[in-house]
Amino acid sequence: MTNETQPSASSAVDLPGWTHVYSGKVRDLYVPSATMTDDDTWTGDPLAASPEVLVVASDRVSAFDHVLEPGIPGKGELLTTLSLWWFDQLRVPNHLIADHGLDGASRIPAAVAGRSMLVRTLDMFPVECVVRGYLTGSGWKEYQTSQTVCGIPLPAGLQNGDRLPEPIYTPAWKAPMGEHDENISYERTVELVGPDVAAELRALSLQIFADASAIAEAHGLILADTKFEFGADRETGVIRLGDEVLTSDSSRYWDGEAYAAGTTPEARMASFDKQIVRDWLAANWDQQGTPPELPAEIVEQTAARYRELLGRLTAL
């Protein structure tokens, strides 16, 4: 992640009882201030030292490895609400503190209430677990040249937006700050995390995708693809689902009715994610230098789609 894509520490708010330790493209991480030394001269890794983390979702939006301006109003709360809803639906261990919704909620400062998760610290695996159920995005681009997606052979004659014969697992390596994530083979995943963990990450990812796809379909939606992140519980070694899950930022959702009736890829893939931002940016920026500011109408359309997805899935 380059300096121009990495939010500055000043983008995070001061929270009583918590110390800001990291800002990603969308989220800010805090640890209890008691984790730090009294004289604030801590030089170790505070995430390694703290058993819990406050994850605060901002309104920042990113695309093509850049944080864009302006943000999407209310996005942080929408993402957090949807993640918490999905964590409740899924049959896998996750990183939420057990009392997050009860006593844990009272520990979340009022300034970030509604857009924060109190979670246990996991030893995260350096793998983004991507599952694709439909041919689209970078997968479609690769398919047109090699009839593969992330090196996995697919049948001939597929079109943009087509459903794949079965979901495919296409992991990516989470690169260190300053570098880009890159697609990797399953064999490379084995090298990174070992055969047992690699097999469990793949099985968990495909299971979650199947369960979530069925839930989305019941709400008139198609889950086209998504990505998961997992980590090991430091006390038990259990693999837990972490980060966000099945949000508009990490997933592609399409309208099921529009997909069935659509005669073009654009009509079929009526999107409930930040594809609006990606499409506008691709048409108005050559990916050189600083990206242009998002127009007000793109910001408003994106916020509306995020709200609609949350409403359709959760009836909130």
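Reply: In the largest nonpolar core, which has 44 residues, the ones touching the most other members are W86, F228, F230, L241, L246 and Y253. A nonpolar core here is a set of buried Ala, Val, Leu, Ile, Met, Phe, Trp, Tyr and Cys residues joined through side-chain atoms within 4.5 Å. Buried means under 20% relative accessible area, exposed over 50%, and partly exposed in between, with a 1.4 Å probe and protein chains only.

Me: Which helix gives the largest share of this core?

Reply: Helix α5 (residues 195-218), with 7 residues. Helices are DSSP runs of H or I with at least four residues, strands are E runs of at least two, and both are numbered from the N terminus.

Me: And which domains does this core draw on?

Reply: At least three residues come from each of domain 1 (18-35 + 43-120) and domain 2 (122-286 + 301-314). Those bounds come from an automatic or database domain assignment.

Me: Before we go on, what are the ground rules for the numbers?

Reply: This is a predicted model, where local features need pLDDT of at least 70 and side-chain atom pairs count only at pLDDT 80 or more, while totals for chains, interfaces and linings use all residues. Residues are numbered from 1 along each chain as its sequence is written, and side-chain values use heavy atoms, with hydrogens and water left out.

Me: Back to Y253 then. What is Y253 in contact with, leaving aside neighbours within four places in sequence?

Reply: Its partners include W86, A216, I222, L223, L246 and T247. Also among them are A270, S271, F272, D273, L309 and L313. Contact means heavy atoms within 4.5 Å.

Me: What does the second core include?

Reply: That separate core has 13 residues, among them I276, L281, L294 and A303.

Me: OK, new topic: the overall picture. How many helices and strands are in the chain?

Reply: The protein chain has 9 helices and 16 strands. Of its 316 residues, 51% are buried. Among contacts with a separation of 6 or more, 63% are between residues 24 or more positions apart.

Me: Let's zoom in on α3. Which residues of α3 are buried?

Reply: In helix α3 (residues 137-146), they are G139, W140 and Y143. They cover an arc of only 100° around the axis, so they sit on the same side of α3. The arc is taken from the directions from the helix axis to the C-beta atoms.

Me: What's on the face turned away, and what covers the buried residues?

Reply: The face turned away from the buried side carries the exposed residues K141 and T145. The cover over the buried residues includes β8 (127-134) and β9 (148-149). Just after α3, Q147 has a positive phi of about 60°.

Me: Now β6. Why is β6 described as largely enclosed?

Reply: Because 4 of the 5 residues of strand β6 (residues 116-120) are buried, the rest of the structure largely encloses it. Strand β3 (residues 52-57) pairs with β6 in the antiparallel sense over 5 bridges, and V53 stands opposite V119 in β6. For pairing, DSSP has to find at least two bridges between the two strands.

Me: And S83, is that buried or exposed?

Reply: S83 counts as buried, at 1% relative accessibility. S83 is in helix α2 (residues 75-89). Leaving aside neighbours within four places in sequence, S83 is in contact with M117, E244, V245 and T247.
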